[in-house]
Amino acid sequence: MNLLYIGAGFVGACSAAVSADSGHETLVFEIDPKKVESLNSGDRAAIEAWIYEDGLVELLERNRDRIRFTNDSVEMTNFVNSADAVFLCLPTPEKAGALGSTDLTYYYQALESLGANLVKRNNGEQTKRVVIVNKSTVPIDQIDQTAKRLTAAGVKNFGVVSNPEFLVEGKAIENSLHPDRVVVGAETEEDFVVMRNVYRRFYDSANVKYIEVNPYEAAAGKLLANFTLFSRIVTTYAVLGRTSEKFPHLSYEALRSVIASDPRIGSWGLYDSLFSGGSCFIKDAASLAFQFDGAGHNPELVRQILAENNNQLELFFDRAQNEAGFDWRGKNLTVLGAAFKQDTNDIRNSGSILFIEKALAAGAEKVTIFDPAASGMCEWYFNPEKKPEYARVKIVASIAEALTDSQVLLLGTDWAMFRSSAEEIIKTVTPPYLIMDGRRLLAARFGELSAAGFDIISVGSPFIAGKK
Ligand code: UGA
């Protein structure tokens, strides 16, 4: 089949690579020329500077003959002539200050230029049927707007399908090659057939749940799945985490193993952290609340989950002053991990970044960050032209360098390598020193570290004062 993807973000690039690997001719249209050049280059460093996903480089290399990235609209126009399906993989962020309303600017811009190309296909005769597939997370009734706009642009002989993406960042390729489910929402059998052919390797697989529903159910299902996961994580912070912080004699890990031993509960979502970030959960919960509001249903419970996630970060940050008497003014902060979670370079809604903003506002003199994958993203984010205080932020290339000359440490991302950073800490810095463990990465070493004089504030533990 001939498949066009619009947008080369995590979702677009990774699912296009998997489509090429499934034997389809795949073109990815992306407006950013630098990104196009990097993704076509075959060069690991250039590709990973944009999208750091395990296995992506290898998959692109293996399918070199079947996948291309372009920002050339003529190439796109030519490809559209024979395209069986067009996948829309555009960012759909939350509108600033609009309580969860989705900003569809990028989506509509892309749709407009797609429409202008689709009407010209087959010398304007539009003889080949094409399926437009929503992969971006969109409001429940988005399909109606998409179809209306394409019809108004004169596009004929098309169907609109909702095919939400369920991949997890950091495991995007693994998840796309071995999904647990594929959800396709279509209105006609004809469109279901096209999608079965796109996903033949999964449709035929005994290990993949291939779910066919209507397009509204597919879109709503994605929002609800994300809300269910998000509320579980946030409840974990607010109830399990708080219990082990507030009552003596309780270890977070012991409580978690008791709870997770019930197979109905399982272990996913029971990891304590300073904040649940990324580009999906927060935006999707806000969108759900906004849509509840519009439908006349009280969105309070959904908004409460969002508020509790923010509260988690506030409480954690404030514990430095409230429990350790720590004054941020003039202090140097070391940050291990800037990505919103391990195995990605994505720093969107990262707890570490939000924590750094707070430390700077509270008067921290200097912030030194080490992250094994997100240095480039941090350089871009902490550009002093955006805010003068970003000149106080430095990005370095090793744990030891980051620890040098600081009085407080934040462990902000759950990169596996930080679990063994206790030796480095003991070797490099001298107490009095405050360790703020936002991921419980050093939980097994808290006794040893406090005996060596380190004060410790960790999510899921009461304050541990260092031996004086
Ligand atoms: C999430 C969902 O897990 C995917 O199923 C969904 O497809 C995706 O959003 C999306 O909508 O595209 P992702 O944003 O990649 O995936 O990240 P998660 O692994 O779910 O983690 C989200 C945040 O919660 C991270 O900051 C993570 O560190 C935190 N988290 C996760 C915890 O604090 N505790 C946990 O137990 C799990």
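This is a predicted model: local features need pLDDT of at least 70, side-chain atom pairs count only at pLDDT 80 or more; totals for chains, interfaces and linings use all residues.
For F166, a backbone N or O atom is 3.0 Å from a ligand oxygen atom, while a polar backbone atom of L167 lies 2.9 Å from an oxygen atom of the ligand. Taken on its own, the ligand has 720 Å² of accessible area, of which the protein covers 92%.

The shell around the ligand consists of 23 residues, and those that come nearest are E169, K222, N226, Y237 and R439. Sorted by class, this shell holds 13 nonpolar, 5 polar and 5 charged residues. Helix α11, spanning residues 215-246, gives the most to the shell, with 5 residues.

In soluble globular proteins, nonpolar side chains tend to be buried together. Here the largest nonpolar core has 70 residues, and the members that touch the most others are W328, L333, F355, I369, I435 and M436. Helix α14 (residues 300-324) provides the largest share of this core, namely 7 residues.

## Contacts of F355

When neighbours within four places in sequence are left aside, F355 is in contact with L274, L313, F316, F317, W328, L333, L410 and M436. Of these partners, W328, L333 and M436 are, like F355 itself, listed among the residues that touch the most other members of the largest core.

Conventions. Residues are numbered from 1 along each chain as its sequence is written. Side-chain values use heavy atoms; hydrogens and water are left out. A nonpolar core is a set of buried Ala, Val, Leu, Ile, Met, Phe, Trp, Tyr and Cys residues joined through side-chain atoms within 4.5 Å. Buried means under 20% relative accessible area, exposed over 50%, partly exposed in between (1.4 Å probe, protein chains only). Helices (H or I, at least four residues) and strands (E, at least two) are DSSP runs, numbered from the N terminus. Contact means heavy atoms within 4.5 Å. A residue is near a molecule or strand if one of its heavy atoms lies within 4 Å of it. A polar contact is a pair of N or O atoms within 3.5 Å; within protein, one must be able to donate a hydrogen and the other to accept it, and residues adjacent in sequence count only if both atoms are side-chain atoms. Accessible areas come from the Shrake-Rupley method with a 1.4 Å probe; for residues, only the protein chains shown count as cover. Ala, Val, Leu, Ile, Met, Phe, Trp, Tyr, Cys and Pro count as nonpolar, Asp, Glu, Lys and Arg as charged, and the others, Gly among them, as polar.
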